[in-house]
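Subject: Structure for you to look at

Hi,

Here is the structure I promised to pass on. Please open it next to this email and follow along.

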Amino acid sequence: MNYKIRKRTKEDVHEFITWTYDGIYSFYDNNIQEEKINGFLQSIDNDQFYSVIDDQGQLIGNCEFFNVGEAPEEILAVGVQMKPSLTGEGNGLTFIQAIIDQGRELLGYDHLELAVAHFNKRAIKLYEKAGFKRKGDFQNNIRGENYNFIIMEKDWGE
């Protein structure tokens, strides 16, 4: 299966905001945080926010690239999300690799970072397979609870 990133549409966003996940992954539900819903609605036609589709044009996920840190130390980071019904099926590496490769073509980066919840062992293993290395960690308060996150990074040689 091949995946392609493309600009988000209003229809994509309306589907994204209905996505909910099972068990511990419900942390990633899109319908429980007004800030997240508004972010999706404002991301339509933005040059750093994409939908991910399969060979048949079916929506299978989303990704966004954004700057973290302060100038001149700005760092490009990526956030990814796969459609809940497709998670855990063994397609994660192809999914993340398509996002990384196509994002790099579009945005021209040589360094990319991401943050992943410490409890999400499945995603951590996937990112390591994709060549990301642990860089550090931080804690963030989300919906009144503290969560630990791991920062991971990947570099491309000159």
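Start with strand E2, because 6 of the 6 residues of this strand (residues 49-54) are buried and it is largely enclosed by the rest of the structure. Both of its faces are covered. On one side sit Phe49, Ser51 and Ile53, and on the other Tyr50, Val52 and Asp54. In a regular strand, side chains alternate between the two faces of the sheet. "Buried" means under 20% relative accessible area, "exposed" means over 50%, and "partly exposed" lies in between (1.4 Å probe, protein chains only). Strands (E, at least two residues) and helices (H or I, at least four) are DSSP runs, numbered from the N terminus.

A word on the source. This is a predicted model, in which local features need pLDDT of at least 70, side-chain atom pairs count only at pLDDT 80 or more, and totals for chains, interfaces and linings use all residues. Residues are numbered from 1 along each chain as its sequence is written, and side-chain values use heavy atoms, with hydrogens and water left out.

**Partners of E2**

Strand E1 (residues 3-7) is joined to E2 by 5 bridges, and the two run antiparallel. Two strands pair if DSSP finds at least two bridges between them. Lysine 7 has tyrosine 50 of E2 as its bridge partner.

Strand E3 (residues 59-68) is also antiparallel to E2, again with 5 bridges. Here isoleucine 53 has leucine 59 of E3 as its bridge partner. The hairpin of E2 and E3 has 4 residues between the strands. In this hairpin, glycine 57 takes a positive phi near 80°.

Now look at the loop between helix H2 (34-42) and E2, where you will find aspartate 45. Most residues other than glycine have a negative phi. Aspartate 45 is not a glycine, yet its phi is positive, about 65°. Aspartate 45 counts as exposed because its relative accessibility is 55%.

**Helix H3**

H3 has 16 residues. From first C-alpha to last it reaches 22 Å, close to the expected 22 Å at 1.5 Å a residue. That expected span is 1.5 Å times one less than the number of residues. The buried residues of H3 are Gly92, Phe95, Ile96, Ala98, Ile99, Ile100 and Gly103. What do they pack against? The answer is E1, E2, E3, E4, E5 and H4.

Just after H3 comes glycine 108, with a positive phi of about 70°. Glycine 108 is in the loop between H3 and E5. At 55% relative accessibility, glycine 108 counts as exposed.

**Helix H4**

Which residues of H4 (residues 121-129) are buried? They are Ala123, Ile124, Leu126 and Tyr127. These cover an arc of only 160° around the axis, which puts them on the same side of H4. The arc is that of the directions from the helix axis to the C-beta atoms. The face turned away from the buried side carries the exposed residues Lys121, Lys125 and Lys129.

The cover over the buried residues of H4 includes strand E4 (75-82), helix H3 (92-107), strand E5 (111-117), strand E6 (133-142) and strand E7 (145-155). H4 is followed by glycine 131, whose phi is positive, near 100°.

Asparagine 140 is found in strand E6. Its relative accessibility is 35%, so asparagine 140 counts as partly exposed. Setting aside neighbours within four places in sequence, asparagine 140 is in contact (heavy atoms within 4.5 Å) with Glu145, Asn146, Tyr147 and Phe149. Tryptophan 156 is 16 residues from asparagine 140 along the chain, and their C-alpha atoms are separated by 29 Å.

**The whole protein**

Now step back. The protein has 4 helices and 7 strands. From the N terminus on, they run β-α-α-β-β-β-α-β-α-β-β. The radius of gyration is 15 Å, close to the 15 Å that the globule rule gives for 158 residues, so the protein is as compact as a globular protein of that length. This radius is taken over C-alpha atoms, and the rule is 2.2 Å times the number of residues to the power 0.38.

The C-alpha atoms fill a box of roughly 35 × 35 × 30 Å, taken along the principal axes. Buried residues make up 37% of the 158 residues. Among contacts with a separation of 6 or more, 58% come from residues 24 or more positions apart.

Best wishes
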